[in-house]
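Visitor: I have the sequence and the fold up on my screen. Could you walk me through some of the packing?

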Amino acid sequence: MPQRTEVFETFFFYIGIQQKACLIVFESTKRKMHNRLFYIQKPWNTFGEEITEQLIFQMADVMEEEGYKEAGYEYVVIDDCWAMKERDSKGNLVPDPEKFPNGMKAVADYVHKKGLKFGIYSCAGVLTCAGYPSSYDHEFQDAALFAEWGVDFLKYDFCNFPQHADCIKRYHMMSMALKATGRDILFSACNWGRHDSWNWMRSIGAHMYRSTGDIYDNFRSFTGIFKSQLEHLSQSAPYCYNDMDMLTVGMYNKGNVAIGKTCTDNELKLPTLKMGFAP
C-alpha cells in the first residue's frame, strides 16, 4: 500500500487494469478542507468523451484495492460528455444510456460502497464546453437532481457564457442551489479567472476555483499559469483554494492535453505549483 508521504509527491500515476492495452491515469488534486487532506481523481485529460460507467467502476476498484483510498484519494469525478444532448420531458438532465446504462445514481452508489465520494460536471453557460445541456436557468433543478443521485462534488465550467449575463450572480446562484439541497456538495467553480474571480469566489461559497485557462503538457503552459497567479498567492487558503488546473505529470503528450512538446520537467512542476498553494 502506498505511504501517505508518497502520495504527497505523486499526484498522477499509471495503473494497468485487467490487462488493457491502455492505462488509466489518475489526475489528482490535493485539498485541505474540514481540517483534513483529500484528493480528487479526474479522468478528463485521459478519456475525454469516451468516459463510461465501467471506467468509473474500474477506477474506484483500483483506488480501494491498491490502498489509495487510505492514502487520501477520496473523490472520483466525471467531467463533460456524460449526458444526452436533450433534457427529458420534465426538464431533467439525462445520463447517456450507452455510457451509463444503470443511471448516475447507480454509479454514485458503487463509488460510495468503495468508501469514496462521487463528483459530476456541469456548466454556467448555455451549453457545456462539448455542447451538452448546461445548468444555465436550471441551477436549482439540477442541484436537486445531483443531490438525489448522491453527488458529493460539482465542477462548474464557464463555456458558452452569455455576454449579457452576470458571472458572479450565476456562480452564486449555483452555490445557493447546492446548499439548498441539504447535501454536502463540494463546489468547484471553474470560470478560468474571469472577472477577477480570486476576489469573490470565497464570498459566494465556492470551495475551490479555477483561476486560469486549461493547462497543456508543455513547459510554457504550466509556467505561464503559475506566473499569472503569483500576485494572488494570498487568496488561496482552507475552505476556498485557487485551483491552477490539474497537473499533467505522466501524460507524456497523450490525451486531451497533448499539445506541444511533452513536459519532462516533472520535478520542477510539482514543487512550483505547490509553492503557489495550488490544491
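Visitor: Which residues of helix 4 meet E53, I56, F57, A60 and D61 in helix 3?

Guide: In this predicted model, local features need pLDDT of at least 70, side-chain atom pairs count only at pLDDT 80 or more, and totals for chains, interfaces and linings use all residues. Residues are numbered from 1 along each chain as its sequence is written, and side-chain values use heavy atoms, leaving out hydrogens and water. Contact means heavy atoms within 4.5 Å, and helices (H or I, at least four residues) and strands (E, at least two) are DSSP runs, numbered from the N terminus. On the helix 4 side, the partners are A106, V107, Y110 and V111.

Visitor: How are helix 3 and helix 4 oriented to each other?

Guide: Their axes, lines fitted to C-alpha atoms over the stretch in contact, come within 9 Å and cross at roughly 10 degrees. Angles run from 0 to 180 degrees between N-to-C directions; under 35 degrees counts as roughly parallel. Helix 3 and helix 4 are therefore roughly parallel.

Visitor: Which residue of strand 8 stands opposite S188?

Guide: Strands pair if DSSP finds at least two bridges between them. Strand 7 and strand 8 (208-210) pair in the parallel sense over three bridges. Opposite S188 stands M208.

Technical notes. Angles under 35 degrees count as roughly parallel, over 145 as roughly antiparallel, 65 to 115 as roughly perpendicular and the rest as oblique.
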